[in-house]
Amino acid sequence: MSVNRCMYLIPRLRRHFRTRTFKLSSGVTDAHACHASAGPSVFCRRPLSSDGSSSKPPDTSLFVPVSLRVDVAEDWSVGAELTQPLDKAELLKLLNRFYKRKEIQDLSAHHGLDARLFHRAFVSFRKFVLEVKSLPADLHIILNDICCGAGHIDDLYPYFMRHAKQIFPMLDCMDDLRKISDLRVPATWYPDARAIQRKVIFHAGPTNSGKTHHAIQRYLAAKSGVYCGPLKLLAHEIFERSNEAHVPCDLVTGEERNIVDSEGRPANHVACTIEMCSVTTPYEVAVIDEIQMIKDPSRGWAWTRALLGVCAEEIHVCGEAAAVDFVRELMFTTGEEVEVNTYTRLTPLSILDSALESLDNLRPGDCIVCFSKNEIYAISRQIEARGQQCAVIYGSLPPGTKLSQAKKFNDPDDPCKILVATDAIGMGLNLSIKRIIFNGLVKPYVNEKGEKQMETLSTSQALQISGRAGRFSSKFKEGEVTTMHKDDLPVLKEILSQTVEPIETAGLHPTAEQIEMFAYHLPEATLSNLVDIFVSLSQVDGLYFVCNIDDFKFLADMIQHIPLNLRSRYVFCTAPINKKQAFVCTSFLKFARQFSRDEPLTFDWVRRLVNWPPVAPQNIKDLVHLEAVHDVLDLYLWLSYRFMDMFPDTTQVREIQRELDDIIQQGVRNITRLIRAADLNTAGPLQTQKSGPNVKAPRINNAGYVARGQRAPPRQMMDSSLSSRLLRDGLLTHDLLQQLQKEWSEGGRAEPQQEQELTSDTEGSKNDIKGKRKKKKK
């Protein structure tokens, strides 16, 4: 380019750029200049909600900057040829002065850059200016003018904002993002339901009051109907009950489609899990069971969706009376009235005045409720050590195994008369229980931050579990409830005496369509980040809350590196898996990777994945692994109904799942033998030799193994030792044994008071082998 040509262009370029810049007077913002210089898309006013009020500020910590692609190989700079090369040291001083100006910070905040975003954008802008070999011509000329004293430092602002919008593209579409994430009127999401005038009937009452029975009678009498339950077991029960009553009924769960018509035509009645409820199929009657779960932090959205969206002339809602007022208020937003039918318990339920205190006091029909599998293993072993048989039910067991154990416990001709279970019995199983015994009143849960905490049972939870005693359909016409430990009994009485807190909010969850619209505006964001930003910007009114999305984000982060389209990725991340099971998570990852290659997941591929056929479990660890394998097969079936072409072999997978269920059932029937086998494998190093005057007991480390350099006692001595027999019979815990060994290894003898406490604790371990009960200090 000739010198004359350059001299001709420079004044014109400067005049052009000058019209796009603006100056800030001391503390005063020229908003009109801002708007004219950068265009309305950048310098927009702070967005307002639809009702005219200011929207809540977004959580900008979720905004991940986009990496800019810069052509570093370009050595020729138009700006440098038109003006002169820039001094990097002078630029650094200039940029730092720009950063410190209060007016710049205030204006940036007004246009969406809070302190965090402003700092991150400036750091990126500074790096861009100082490190890029060839700056854009307009930016180069403005920087040169400022350095030469021909421009004001505030002239940089439009170019800073242009860069900020490139690395934070959400700044340019915040209004659209807020509209997409506006969740304040969810009733409008279901036009088919709004097109008809629905009649809502609430059947309110405690457990065992017949409320669901009355709703099901109307369901069976209708020309068409849908039952929506919280568990697969409940859906199976209604499915079987309906067909036994000669009302053809299909079954729809996440993992199963059972069409009763031989030619595959859908029946007029459907029993489904709540998440699978159709909001487009018309029905005469719909039954929504356990409506109080609408407040559940993880699954509440499914009840909200069913209540607002099901297309039925009559909707029969069943649940606690604490939800009546809330359902009325929710239906007010749809213009529908609620008719309430109130029920009372059909059989009496009494709280005993004494705790069980010892497993020797168990009677036929007793159910001990625990809140961890370890407690179930320990107590079931202690029961069978006393010559009694017990059934075992907990959440991670396959449905067939749960039904098998329930049948065993309910069978009057079976010698098994005791049940040990988690709160999984709170709904979904008909059990012949005379007395509910709470082994504890503290239950683990995961808070909003994903942290595991312990909390005392709520009144609603305690009533739900206690109500399983003395059911109307069982042989016990009166129910009783008590605790294992006498210290817990007054606490239980206080919990059960309180009224259930009324429900105040219902759960919501972003849909795949909403996330896809977000992704259109933010194409560089990950799915986990998209959901985070959605929740941050979402607006809900006082009736709703956004459900916990931690599990969704966990799966999204796990498969982020796998190339999937957004809709497929979203579906994979909604899969109901237990993220605590490593084998299930690993299998989930392999499923996604195979799917991304467009290679069908065949039966042979699945067999290799789960190492089929399995061997019968030899200990508890083997049993837990088989439960995880069952969950993997469940995951395959769940995905097969979303991607039929890629998961083609559902029939074969379901067959081996039934075989696996039988193997797990056999393992659960022999659960005490498996526990004993596991204890023998781990208890061996815990045993000690008979100590003579010059012999020290082996030191035990925190993991329960003999310390390095110490010799473990012979196997025959371990099997015949007193400590081995006490551990085997459940009369001594590993923790207490380690405490004794620690004192022995230190060469000291426990003080009389300590001996008394250890004796007391040993007696207490008869009731609670895991030492969960707090020791009382006298």
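Biologist: Which residue lies over the face of Tyr641, and at what distance from the ring centre?

Modeller: The model is a predicted one. In it, Arg257 is placed over the face of Tyr641, 4.1 Å from the ring centre. A second case involves Trp638, whose face has Arg642 over it at 3.8 Å from the ring centre.

Biologist: How many helices and strands does the protein chain contain, and what percentage of its residues count as buried?

Modeller: The protein chain has 31 helices and 18 strands. Of its 778 residues, 50% count as buried. The accessible surface of the chain is about 37700 Å², and carbon and sulfur atoms account for 51% of that area. As for contacts between residues at least 6 apart in sequence, 75% join residues at least 24 apart.

Biologist: What describes a pair of aromatic rings?

Modeller: The distance of the centres and the angle of the planes describe such a pair. In this structure the count is 19 aromatic pairs. For Tyr99 and Phe118, the ring centres are 5.4 Å apart and the planes stand at 10°, so this pair is stacked. The pair links distant parts of the chain, with Tyr99 in helix H4 (residues 88-100) and Phe118 in helix H6 (residues 115-131), 19 residues apart.

Biologist: Are Tyr99 and Phe118 buried or exposed?

Modeller: Tyr99 has 25% relative accessibility and therefore counts as partly exposed. Phe118 is buried, because its relative accessible area is 5%, and the cut-off for buried is under 20%.

Biologist: What are the centre distance and plane angle for Phe591 and Trp605?

Modeller: The centres of these two rings are 5.7 Å apart and their planes lie at 45°, so the pair of Phe591 and Trp605 is tilted. This pair also links distant parts of the chain: Phe591 belongs to helix H23 (residues 582-596) and Trp605 to helix H24 (residues 603-610), 14 residues apart. Both Phe591 and Trp605 are buried.

Biologist: What span should helix H12 have, and how far apart are its end C-alpha atoms?

Modeller: Helix H12 (residues 232-244) has 13 residues, and at 1.5 Å a residue it should span 18 Å. Its end C-alpha atoms are 18 Å apart, so the two values agree. Just after H12, His246 adopts a positive phi of about 65°.

Biologist: Which residues of H12 are buried, and what covers them?

Modeller: The buried residues in H12 are Leu233, Leu234, Ala235, Ile238, Phe239 and Ser242. Their cover includes helices H11 (211-221) and H16 (399-410), together with strands E2 (225-229), E3 (249-252), E4 (257-258) and E5 (269-273).

Biologist: Where on helix H19 do the buried residues lie?

Modeller: In helix H19 (residues 512-521), the buried residues are Ala512, Gln514, Ile515, Phe518 and Ala519. These residues cover an arc of only 160° around the axis, and therefore lie on the same side of H19. They pack against helices H9 (174-180), H20 (527-537) and H22 (566-573).

Biologist: Is Glu627 buried or exposed, and which residues does it touch?

Modeller: Glu627 is located in helix H25 (residues 620-640). With a relative accessibility of 0%, Glu627 counts as buried. Leaving aside residues up to four places away in sequence, Glu627 touches Lys373, Tyr394, Ser396, Leu397 and Ile664.

Key
Residues are numbered from 1 along each chain as its sequence is written. This is a predicted model: local features need pLDDT of at least 70, side-chain atom pairs count only at pLDDT 80 or more; totals for chains, interfaces and linings use all residues. Side-chain values use heavy atoms; hydrogens and water are left out. Rings of Phe, Tyr and Trp (its six-membered ring) pair if their centres lie within 6.5 Å; planes under 30 degrees apart count as stacked, over 60 as edge-to-face and the rest as tilted. Helices (H or I, at least four residues) and strands (E, at least two) are DSSP runs, numbered from the N terminus. Buried means under 20% relative accessible area, exposed over 50%, partly exposed in between (1.4 Å probe, protein chains only). A charge sits over a ring if NZ of Lys or CZ of Arg is within 6 Å of the ring centre and within 35 degrees of the ring normal. Contact means heavy atoms within 4.5 Å. Accessible areas come from the Shrake-Rupley method with a 1.4 Å probe; for residues, only the protein chains shown count as cover. The expected span of a helix is 1.5 Å times one less than its number of residues. The arc is that of the directions from the helix axis to the C-beta atoms.
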